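Have the sequence and the 3D view open as you read.

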Amino acid sequence: MAEEKFISDIRDYSEKYNIGELLEKAEKADGEELMTYLFAAVCIAAEKGLNQVPFDEQLSAARALTEGRIIEMPTGEGKTLCGVFAAAWHKLKGEKTHILTFNDYLAERDRSWMKPVYDLLGIETAFIAEKSTLDERKAAYRAEVLYVSARECCFDYLRDFTAQTSEEESGQSFEAAIVDEADSLLIDEARIPMVVAGETEAVYDPELEEVSDYVKTLDEADYEISLEAESVFLTDEGAAKTEEHYNIDNIYDEENGGLLSKINDCLKAWFFLQEDKDYISRDGKILLIDKFTGRTAENRHYPGTLQTAVELKHGLRTTTRGIVMGSIALQYFVRKYKSLAAMTGTAEASKEEFFQIYNLQLEKIPPHLPSQRVDHDLEIYYDTESKWNGVAKAVLQAHEKNQPVLIGTGSIAQSETLYELLREKGLEAAVLNAKNDKQEAEIISNAGMPGAVTISTNMAGRGVDIKLGGSDEARREEAVSAGGLLVISTYMPESSRIVRQLLGRSGRQGDRGESRRFVALDEPVMEKYKLTSLLPHSHIPQPTNKVIEDKVLLREVERIQRISEGDCFDARARLMKFTMIGEKHRDQIFSARARILESGRSELWSGAENYAEALDRFGGEKLSGLEQKTAVAAINKFWSDYLEYTEELRRGIHLVEVGGKSPSEEYNISAEEYYQGMEEDLKDYMGEKLNELLEKGEEGYTIDAPKNIHTYLLEDTGDELNKMPLLLNIFDEEEEAKPLPKAPSVLDAPEEKPAKEKKGFWFFKKKQ
Ligand code: ADP
Ligand code: MG
């Protein structure tokens, strides 16, 4: 009822008043009243600017967005416009909105598409794409409403962490976000780490070279390999030999600690780490092999001098070293926003996950006109080959009667298989692989042309509307009488959501349409869940190349889909618990760094003994400039080490289970200890740098800031993360549903002089 009144009031007001009057009224009002006036203004703007009167469903959806929900609204129902209402509402509340899109193409398209509406409302808009320059980005982040792909927005966040001065920062803030295509961004792609990397100079150490040459000559009796600790030690014999070689009394004396650690690294390099098993040597570089995936890992290297020791073993001397400077997955990134809402065509199957991980409640919006799509039963084939033949037959049948067909596949390779198969039968299809978003948008927008055959991966052509008849209105009837768009799903993905997303492409806005789904019993999901073990003996299918009709089989196949859906969620939730602590640390250090850039203060030098001397010599301005540069570079260095350390920790932590301890608990304790230690180390390091400055003077002083900053996606990690040891729940149930504590804003003022009475530094403290 309330909804009906809300909508009829909006309609009334948009008849009675003009935009200016409505905005004025909205500004004075609040709550429901504010929204009613404001939405009425947006309705007028949409009518004037787009020649579209927003549907009732769009108004309900828009309201749900302002309430921080996820709306499920079928494809083609006009979610883009819904976002405008919510963004306008945030603007009135004084909050900036980021509309996080699926790709760059959609960011630009949606912004220019909706711009006339925003202009009429007096709201500044902007978009960002990969090609945008830093200045363009800075301007865009100042706009009231920004359209940007989730990926670019994340990359800006990561790049800000590498800025040397505040002018190099993007100036982004995290107020309100509306995530479009949320099923994909917040679930399917949510865990892919986005990475910022750079290069640092490798320090050359002549002593290490000598140690390496010496260690190489040791005999088997001189060292002992500990497989469990993954390290190599000197035996008593080896120690005696070494003491003689270096002419020292006791290698284990504290004063020989530096030498001993070099010896240990060289022992490990020579006698433990194996080429082609642990690492490969390529193009003058040592690349680590990931134990889980078997692939070489980009920008990863052994800690400290061990990497150099391995390089020496192979006679290499590198001058630069790639380092990972920061990384974040979307799952955590979106939690930075004060308010979060989302929209998608399919959320139902992942309802629980949206709620538990993002605290987003689902609001299902019915289609404006009921769909007339006819969905056929799942067609089951014995093996993949006969399945593809079945698919090809279905395509040809439809094509004969001029019906447009869209086929969804699981991968680029599958798309190509089908393309070839159809070609052999004399049919030329269009193939989309999510390689060129703009070009593909054009192809897919014409997938509804009579006789069109389009093959697409699940990712390609997202967000683009498929109109019957394509861009040619005149051919619409032709496509309708051929049965509307036929969509064909050709495999069983881990989640049924992906199938539904595809089916939703047909029957939009009350259109006619049809769908068929194909699956083979030898597909990965079937094998993974051992379909045959679930079936009663008499229903185990026999080899055939025809479609298998068996109700029991059908039921079990669909059940597998549900099992796999649940499993995926579990894996994601598990990972989340594991990385929670890392998220906390990252939030802390990222904002600490940003605050140093902002304020030019770090307190890392001002507390030092010889600070007065330095102040005298270099002057306040110069000194604080150097302090700032040194501090931000140092934070990068220490954070990079932290990332390396925790990654190693994650890989090794399953060993802890042996001792009967909870691996996640152990992980958290170790990560926390490392982080705390890092604060202390940072202080010491900064002290050393101040001494260096005093010794060498400004000319001889160096700050090792990473160069060649670049960003990328770590797409390979998916299965690796799934293989992670099962972690025990360390958060109680209640705590789990809560979002992470908010990161302090870059604008947070330092707390009242806490450095003296509290452990650590103000810039590490989180504001409560
Ligand atoms: P979705 O994102 O939900 O898939 P889009 O925002 O891409 O949908 O819109 C799909 C189509 O519907 C577009 O062509 C758009 O112009 C049209 N549309 C949206 N809202 C309306 C409306 N109120 N009246 C008429 N057409 C509309
Ligand atoms: Mg859309």
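## Two loops worth a look

Asn 247 is found in the loop between α11 (236-246) and α12 (257-271). Helices (H or I, at least four residues) and strands (E, at least two) are DSSP runs, numbered from the N terminus. The phi angle of Asn 247 is near 60 degrees, a positive value in a residue other than glycine. Is Asn 247 buried or exposed? Asn 247 is exposed, with 70% relative accessible area; here buried means under 20%, exposed over 50%, and partly exposed in between, with a 1.4 Å probe and protein chains only.

Another asparagine, Asn 402, sits in the loop between α16 (384-400) and β15 (405-409). Asn 402 also has a positive phi, near 70 degrees, in a residue other than glycine. Asn 402 counts as partly exposed, at 29% relative accessibility.

## Where the numbers come from

This is a predicted model, where local features need pLDDT of at least 70, side-chain atom pairs count only at pLDDT 80 or more, and totals for chains, interfaces and linings use all residues. Residues are numbered from 1 along each chain as its sequence is written, chains are lettered from A and ligands numbered from 1 in the order in which they are written, and side-chain values use heavy atoms, leaving out hydrogens and water.

## The sheet

Now for the strands. Seven of them make an open sheet with parallel pairing, in the order β3-β4-β2-β5-β12-β1-β13; two strands pair if DSSP finds at least two bridges between them. At the edges are β3 (125-128) and β13 (361-364), each pairing on one side only. On average, neighbouring strands of this sheet are turned by 20 degrees against each other, direction ignored.

Zoom in on β2 (residues 97-101) and β4 (residues 145-149), which pair in the parallel sense over five bridges. Thr 97 has Val 145 in β4 as its bridge partner. Helix α8 (residues 150-160) packs on the sheet and touches β2, β3 and β4, where contact means heavy atoms within 4.5 Å. The direction of α8 makes about 95 degrees with that of β4; axes are lines fitted to C-alpha atoms, for helices over the stretch in contact, and angles run from 0 to 180 degrees between N-to-C directions.

## Around ligand 1

Which residues come nearest to ligand 1? Of the 17 around it, they are Gln 52, Val 53, Gly 76, Lys 79 and Thr 80, counting a residue if one of its heavy atoms lies within 4 Å.
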